[in-house]
Amino acid sequence: MDLVKSHLMYAVREEVEVLKEQIKELIEKNSQLEQENTLLKTLASPEQLAQFQAQLQTGSPPSSSQSQGTTQQPAQPASQGSGPSA
């Protein structure tokens, strides 16, 4: 019985380590995507943000690649994108 218990505990510990590594990778990926999202919102023109907000309200998918990065945080107001327009 002790052999079964120790074998099971070893398997559980191994699985916990795998899950911890996956969590770490997902946290890093989430952080990267949040930074990208913030950058895209900063670079988007007010017209682009307004168009995206309108698409969110109607439920239609984004029509171009310019608004794909802004889908992470749709609750942000459109007035946030008043950054430099290059």
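1. The protein chain has two helices and zero strands; helices (H or I, at least four residues) and strands (E, at least two) are DSSP runs, numbered from the N terminus. This is a predicted model, in which local features need pLDDT of at least 70, side-chain atom pairs count only at pLDDT 80 or more, and totals for chains, interfaces and linings use all residues. Residues are numbered from 1 along each chain as its sequence is written, and side-chain values use heavy atoms, with hydrogens and water left out.

2. Residues 9-43 carry the annotation "coiled-coil region" in an unreviewed UniProt entry; positions are in the numbering used here, feature names are shortened, and annotations may be inferred rather than shown by experiment. In the model this stretch is 100% helix and 0% strand, with its end C-alpha atoms 51 Å apart.

3. Helix α2 spans residues 46-58 and has 13 residues. From first C-alpha to last it reaches 18 Å, close to the 18 Å expected at 1.5 Å a residue (1.5 Å times one less than the number of residues). After α2 comes G59, with a positive phi near 85°.

4. Which residues of α2 are buried? They are L49, F52, Q53 and Q55, where buried means under 20% relative accessible area, exposed over 50%, and partly exposed in between (1.4 Å probe, protein chains only). Seen down the axis of α2, these buried residues fall within an arc of 160°, so they line one face of the helix; the arc is that of the directions from the helix axis to the C-beta atoms. Their cover includes α1 (2-43). The face turned away from the buried side carries the exposed residues E47, Q57 and T58.

5. Of the 86 residues of the protein chain, 13% count as buried.

Note on methods: Contact = heavy atoms within 4.5 Å.
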